[in-house]
Amino acid sequence: MLTADDRARIQSKARAAIDKATLRTDPWWAYPLSILGFLGIALVYSTWAGLQTSGYFAEPYISPLFSPCLAANCEHVTFRLLGPWFTLTPFLLVGWLPILFRMTCYYYRKAYYRAALMSPPACAVNEPAPRYNGETKLLIFQNLHRYFFYLMVVNMGFLAWDTFKAFQFEDGFHVNVGSLVFLVMIVTMSLYMLSCHSCRHAIGGHTNLFSKAPLRYRSWKFVSKLNKNHGPFAIASLFWIPITDIYVRLLAADVITDIRLF
Ligand code: FES
(Lines give C-alpha, C1' and ligand atoms only; values in the text may rest on other atoms or scores of the structure.)
Protein backbone atom coordinates (compact mmCIF):
# COMPACT_ATOMS: atom_id res chain seq x y z
CA MET A 1 0.00 0.00 0.00
CA LEU A 2 1.29 3.47 -0.90
CA THR A 3 2.13 5.84 1.90
CA ALA A 4 1.24 9.52 1.65
CA ASP A 5 4.88 10.30 0.88
CA ASP A 6 5.02 7.67 -1.88
CA ARG A 7 1.89 9.10 -3.41
CA ALA A 8 3.19 12.67 -3.25
CA ARG A 9 6.50 11.61 -4.82
CA ILE A 10 4.77 9.83 -7.71
CA GLN A 11 2.35 12.68 -8.27
CA SER A 12 5.07 15.31 -8.24
CA LYS A 13 7.11 13.26 -10.73
CA ALA A 14 4.12 13.18 -13.04
CA ARG A 15 4.10 16.95 -13.34
CA ALA A 16 5.58 18.58 -16.42
CA ALA A 17 9.06 19.95 -15.83
CA ILE A 18 8.25 23.61 -16.44
CA ASP A 19 9.06 26.42 -14.05
CA LYS A 20 5.93 28.47 -14.77
CA ALA A 21 2.54 27.75 -13.18
CA THR A 22 1.09 27.48 -16.69
CA LEU A 23 1.87 28.12 -20.33
CA ARG A 24 -1.74 29.02 -21.05
CA THR A 25 -2.30 32.56 -22.31
CA ASP A 26 -6.11 32.55 -22.47
CA PRO A 27 -8.15 33.99 -19.55
CA TRP A 28 -8.39 30.57 -17.84
CA TRP A 29 -8.91 32.29 -14.48
CA ALA A 30 -12.26 33.83 -15.52
CA TYR A 31 -14.25 30.61 -15.10
CA PRO A 32 -13.02 29.61 -11.60
CA LEU A 33 -13.27 33.21 -10.46
CA SER A 34 -16.85 33.62 -11.64
CA ILE A 35 -17.82 30.23 -10.12
CA LEU A 36 -16.21 31.25 -6.82
CA GLY A 37 -18.22 34.49 -6.81
CA PHE A 38 -21.45 32.70 -7.67
CA LEU A 39 -21.03 29.92 -5.09
CA GLY A 40 -20.01 32.48 -2.47
CA ILE A 41 -23.10 34.63 -3.05
CA ALA A 42 -25.38 31.57 -3.06
CA LEU A 43 -23.82 30.30 0.18
CA VAL A 44 -24.01 33.65 1.99
CA TYR A 45 -27.59 34.29 0.90
CA SER A 46 -28.79 30.77 1.77
CA THR A 47 -27.16 30.97 5.20
CA TRP A 48 -28.77 34.34 5.89
CA ALA A 49 -32.19 33.21 4.64
CA GLY A 50 -31.98 29.89 6.49
CA LEU A 51 -31.34 31.66 9.78
CA GLN A 52 -34.48 33.78 9.46
CA THR A 53 -37.39 32.45 11.50
CA SER A 54 -40.11 34.21 9.51
CA GLY A 55 -40.94 35.63 6.09
CA TYR A 56 -40.62 32.35 4.20
CA PHE A 57 -44.34 31.75 3.62
CA ALA A 58 -46.86 33.82 1.68
CA GLU A 59 -50.08 31.99 0.81
CA PRO A 60 -49.92 29.70 -1.16
CA TYR A 61 -46.13 29.77 -1.51
CA ILE A 62 -43.52 28.33 0.82
CA SER A 63 -39.83 28.98 0.21
CA PRO A 64 -38.04 25.85 -1.09
CA LEU A 65 -35.33 26.47 1.51
CA PHE A 66 -37.85 25.60 4.24
CA SER A 67 -39.80 22.82 2.57
CA PRO A 68 -40.93 20.45 3.95
CA CYS A 69 -41.51 22.47 7.11
CA LEU A 70 -41.51 20.00 9.98
CA ALA A 71 -41.78 21.86 13.29
CA ALA A 72 -44.62 23.40 15.23
CA ASN A 73 -42.99 26.82 14.94
CA CYS A 74 -43.20 26.77 11.11
CA GLU A 75 -45.08 29.59 9.45
CA HIS A 76 -46.77 26.87 7.43
CA VAL A 77 -46.42 23.31 8.73
CA THR A 78 -46.09 20.63 6.05
CA PHE A 79 -46.35 17.96 8.71
CA ARG A 80 -45.52 18.32 12.37
CA LEU A 81 -42.53 16.23 13.29
CA LEU A 82 -41.33 18.36 16.22
CA GLY A 83 -43.40 20.11 18.87
CA PRO A 84 -43.25 23.63 20.30
CA TRP A 85 -40.05 22.77 22.21
CA PHE A 86 -38.17 23.26 18.94
CA THR A 87 -37.57 27.00 18.72
CA LEU A 88 -34.74 27.23 16.18
CA THR A 89 -35.21 27.97 12.50
CA PRO A 90 -36.96 25.01 10.77
CA PHE A 91 -34.40 25.35 7.97
CA LEU A 92 -32.03 23.35 10.19
CA LEU A 93 -34.28 20.29 9.90
CA VAL A 94 -34.19 20.11 6.11
CA GLY A 95 -31.46 22.47 4.87
CA TRP A 96 -28.62 20.02 5.57
CA LEU A 97 -29.78 17.64 2.84
CA PRO A 98 -29.54 19.91 -0.24
CA ILE A 99 -26.28 21.33 1.16
CA LEU A 100 -24.69 17.86 1.48
CA PHE A 101 -26.19 16.78 -1.82
CA ARG A 102 -24.64 19.72 -3.66
CA MET A 103 -21.37 19.48 -1.74
CA THR A 104 -20.92 15.89 -2.93
CA CYS A 105 -22.25 16.50 -6.46
CA TYR A 106 -19.69 15.62 -9.14
CA TYR A 107 -20.11 18.98 -10.82
CA TYR A 108 -19.74 21.04 -7.65
CA ARG A 109 -16.75 18.97 -6.60
CA LYS A 110 -14.99 19.98 -9.78
CA ALA A 111 -16.18 23.56 -9.33
CA TYR A 112 -15.03 24.08 -5.75
CA TYR A 113 -11.83 22.10 -6.07
CA ARG A 114 -10.90 24.40 -8.92
CA ALA A 115 -12.36 27.69 -7.75
CA ALA A 116 -11.85 27.53 -3.98
CA LEU A 117 -9.07 25.02 -3.33
CA MET A 118 -7.24 25.69 -6.66
CA SER A 119 -6.45 22.00 -6.86
CA PRO A 120 -5.79 22.65 -9.70
CA PRO A 121 -7.43 25.96 -10.73
CA ALA A 122 -7.79 24.87 -14.39
CA CYS A 123 -6.53 22.35 -16.92
CA ALA A 124 -2.78 22.67 -17.49
CA VAL A 125 -2.42 25.14 -14.63
CA ASN A 126 -0.33 24.07 -11.67
CA GLU A 127 -1.88 24.27 -8.22
CA PRO A 128 -0.22 26.71 -5.83
CA ALA A 129 0.05 24.08 -3.04
CA PRO A 130 3.33 22.12 -3.07
CA ARG A 131 1.49 18.81 -3.23
CA TYR A 132 -1.87 17.62 -4.47
CA ASN A 133 -4.51 18.35 -1.82
CA GLY A 134 -7.62 17.40 -3.74
CA GLU A 135 -9.99 14.49 -3.52
CA THR A 136 -7.85 12.10 -1.48
CA LYS A 137 -9.07 13.18 1.95
CA LEU A 138 -12.76 13.70 1.30
CA LEU A 139 -13.34 10.93 -1.19
CA ILE A 140 -15.10 8.48 1.13
CA PHE A 141 -17.48 11.14 2.38
CA GLN A 142 -18.16 12.26 -1.18
CA ASN A 143 -19.13 8.71 -2.10
CA LEU A 144 -22.21 9.21 0.05
CA HIS A 145 -23.62 11.29 -2.81
CA ARG A 146 -25.85 8.47 -4.08
CA TYR A 147 -27.55 8.18 -0.68
CA PHE A 148 -28.12 11.93 -0.56
CA PHE A 149 -29.60 11.54 -4.03
CA TYR A 150 -32.15 8.99 -2.79
CA LEU A 151 -33.14 11.30 0.07
CA MET A 152 -33.37 14.22 -2.34
CA VAL A 153 -35.87 12.27 -4.44
CA VAL A 154 -38.17 12.40 -1.38
CA ASN A 155 -37.43 16.11 -1.01
CA MET A 156 -38.35 16.61 -4.68
CA GLY A 157 -41.77 15.16 -3.94
CA PHE A 158 -42.37 18.01 -1.47
CA LEU A 159 -41.07 20.63 -3.92
CA ALA A 160 -43.38 19.22 -6.60
CA TRP A 161 -46.30 19.45 -4.15
CA ASP A 162 -45.34 23.06 -3.32
CA THR A 163 -45.35 23.84 -7.04
CA PHE A 164 -48.78 22.25 -7.45
CA LYS A 165 -50.02 24.38 -4.53
CA ALA A 166 -48.52 27.48 -6.19
CA PHE A 167 -51.33 27.23 -8.75
CA GLN A 168 -54.11 26.74 -6.15
CA PHE A 169 -55.67 29.89 -4.73
CA GLU A 170 -58.72 30.54 -2.57
CA ASP A 171 -60.79 31.10 -5.71
CA GLY A 172 -59.44 28.07 -7.53
CA PHE A 173 -56.77 27.33 -10.12
CA HIS A 174 -54.93 30.39 -11.43
CA VAL A 175 -51.54 31.33 -12.79
CA ASN A 176 -49.77 34.15 -10.98
CA VAL A 177 -46.20 35.34 -11.46
CA GLY A 178 -45.34 33.37 -8.32
CA SER A 179 -46.78 30.20 -9.90
CA LEU A 180 -44.33 30.60 -12.78
CA VAL A 181 -41.45 31.27 -10.37
CA PHE A 182 -42.23 27.92 -8.73
CA LEU A 183 -42.62 26.23 -12.10
CA VAL A 184 -39.13 27.33 -13.15
CA MET A 185 -37.83 26.18 -9.76
CA ILE A 186 -39.23 22.66 -10.12
CA VAL A 187 -38.15 22.36 -13.77
CA THR A 188 -34.54 23.42 -13.07
CA MET A 189 -34.42 21.19 -9.98
CA SER A 190 -35.84 18.24 -11.94
CA LEU A 191 -33.28 18.69 -14.72
CA TYR A 192 -30.53 18.87 -12.10
CA MET A 193 -31.75 15.70 -10.39
CA LEU A 194 -32.39 13.73 -13.59
CA SER A 195 -28.96 14.63 -14.98
CA CYS A 196 -27.23 13.53 -11.75
CA HIS A 197 -24.59 10.82 -12.19
CA SER A 198 -26.19 8.83 -9.37
CA CYS A 199 -29.57 9.03 -11.13
CA ARG A 200 -27.91 7.65 -14.26
CA HIS A 201 -26.48 4.81 -12.19
CA ALA A 202 -29.76 4.15 -10.38
CA ILE A 203 -31.55 3.85 -13.72
CA GLY A 204 -28.93 2.12 -15.85
CA GLY A 205 -26.95 0.21 -13.24
CA HIS A 206 -27.84 -3.19 -11.78
CA THR A 207 -28.44 -4.70 -15.19
CA ASN A 208 -26.02 -6.61 -17.37
CA LEU A 209 -28.17 -6.88 -20.48
CA PHE A 210 -29.95 -3.78 -21.70
CA SER A 211 -31.62 -5.92 -24.38
CA LYS A 212 -33.60 -7.57 -21.56
CA ALA A 213 -34.61 -4.23 -20.02
CA PRO A 214 -35.78 -1.98 -22.87
CA LEU A 215 -37.56 0.56 -20.65
CA ARG A 216 -34.51 0.86 -18.43
CA TYR A 217 -32.36 1.31 -21.53
CA ARG A 218 -34.54 4.07 -22.96
CA SER A 219 -34.63 5.84 -19.58
CA TRP A 220 -30.86 5.50 -19.21
CA LYS A 221 -30.32 6.98 -22.68
CA PHE A 222 -32.61 9.88 -21.79
CA VAL A 223 -30.86 10.73 -18.52
CA SER A 224 -27.46 10.21 -20.18
CA LYS A 225 -28.34 12.96 -22.66
CA LEU A 226 -29.30 15.24 -19.78
CA ASN A 227 -26.13 14.26 -17.95
CA LYS A 228 -24.03 16.04 -20.59
CA ASN A 229 -25.48 19.32 -19.35
CA HIS A 230 -25.34 18.54 -15.64
CA GLY A 231 -23.13 21.58 -14.95
CA PRO A 232 -25.51 24.17 -16.43
CA PHE A 233 -28.46 22.48 -14.68
CA ALA A 234 -26.54 22.58 -11.38
CA ILE A 235 -25.93 26.30 -11.80
CA ALA A 236 -29.47 27.10 -13.00
CA SER A 237 -31.11 25.26 -10.10
CA LEU A 238 -28.82 26.84 -7.53
CA PHE A 239 -29.54 30.27 -9.04
CA TRP A 240 -33.29 29.81 -8.99
CA ILE A 241 -33.73 28.49 -5.43
CA PRO A 242 -32.68 31.85 -3.85
CA ILE A 243 -34.73 33.70 -6.49
CA THR A 244 -37.80 31.74 -5.38
CA ASP A 245 -36.98 32.43 -1.72
CA ILE A 246 -36.56 36.15 -2.43
CA TYR A 247 -39.88 36.25 -4.29
CA VAL A 248 -41.71 34.65 -1.35
CA ARG A 249 -39.99 37.00 1.13
CA LEU A 250 -40.90 40.10 -0.87
CA LEU A 251 -44.52 38.93 -1.01
CA ALA A 252 -44.57 38.12 2.71
CA ALA A 253 -43.17 41.58 3.49
CA ASP A 254 -45.79 43.25 1.22
CA VAL A 255 -43.05 44.78 -0.90
CA ILE A 256 -44.48 43.34 -4.13
CA THR A 257 -47.85 42.10 -5.38
CA ASP A 258 -48.31 38.69 -6.88
CA ILE A 259 -49.67 39.63 -10.32
CA ARG A 260 -52.37 37.35 -11.72
CA LEU A 261 -51.79 36.33 -15.33
CA PHE A 262 -54.95 34.27 -15.80
FE1 FES B 1 -24.34 16.33 -9.41
FE2 FES B 1 -25.42 14.01 -8.59
S3 FES B 1 -23.61 14.34 -9.66
S4 FES B 1 -26.22 16.02 -8.37
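Me: Which residue lies over the face of Tyr-106?
Reply: Arg-109 does, at 4.8 Å from the ring centre. Keep in mind that this is a predicted model.

Me: And what sits over the ring of Phe-169?
Reply: That is the charged end of Arg-260, which is 4.9 Å from the centre of the Phe-169 ring.

Me: On charges, how many positive and negative side chains does the chain have?
Reply: The count is 24 positive and 14 negative. The centres of the two sets lie 16 Å apart.

Me: Back to rings. How many aromatic pairs does the structure hold?
Reply: There are 22 aromatic pairs. One of them is Tyr-56 with Phe-66, a stacked pair at 4.0 Å centre to centre, with 5° between the planes.

Me: Where do Tyr-56 and Phe-66 lie?
Reply: Both are in loops. Tyr-56 is in the one between α2 (30-51) and β1 (57-58), while Phe-66 is in the one between β2 (61-62) and α3 (91-94). The two parts are 10 residues apart in sequence, so the pair ties them together.

Me: Is Tyr-56 buried or exposed?
Reply: Tyr-56 is buried, at 0% relative accessible area. Phe-66 is buried too, with a relative accessible area of 0%.

Me: What about Phe-210 and Tyr-217, how are those rings arranged?
Reply: They form a tilted aromatic pair. The centres are 5.0 Å apart and the angle between the planes is 45°.

Me: Which residues form the aromatic cluster?
Reply: Phe-101, Tyr-107, Tyr-108, Tyr-147, Phe-149, Tyr-150 and Tyr-192 make up one cluster.

Me: Now the whole chain. How many helices and strands?
Reply: The chain has 11 helices and 4 strands. Its C-alpha trace spans about 70 × 50 × 40 Å along the principal axes.

Me: What share of the residues is buried?
Reply: Of the 262 residues in the chain, 40% are buried.

Me: And how much accessible surface does the chain have?
Reply: About 15,100 Å², with 68% of that belonging to carbon and sulfur atoms.

Me: Last one, on contacts between residues at least 6 apart in sequence: what percentage join residues at least 24 apart?
Reply: For the contacts in that set, the figure is 67%.

Definitions and conventions
Residues are numbered from 1 along each chain as its sequence is written. This is a predicted model: local features need pLDDT of at least 70, side-chain atom pairs count only at pLDDT 80 or more; totals for chains, interfaces and linings use all residues. Side-chain values use heavy atoms; hydrogens and water are left out. Rings of Phe, Tyr and Trp (its six-membered ring) pair if their centres lie within 6.5 Å; planes under 30 degrees apart count as stacked, over 60 as edge-to-face and the rest as tilted. Buried means under 20% relative accessible area, exposed over 50%, partly exposed in between (1.4 Å probe, protein chains only). A charge sits over a ring if NZ of Lys or CZ of Arg is within 6 Å of the ring centre and within 35 degrees of the ring normal. Contact means heavy atoms within 4.5 Å. Accessible areas come from the Shrake-Rupley method with a 1.4 Å probe; for residues, only the protein chains shown count as cover. Lys and Arg count as positive and Asp and Glu as negative; His and the chain ends are not counted. The place of a charge is taken as NZ of Lys, CZ of Arg, CG of Asp or CD of Glu.
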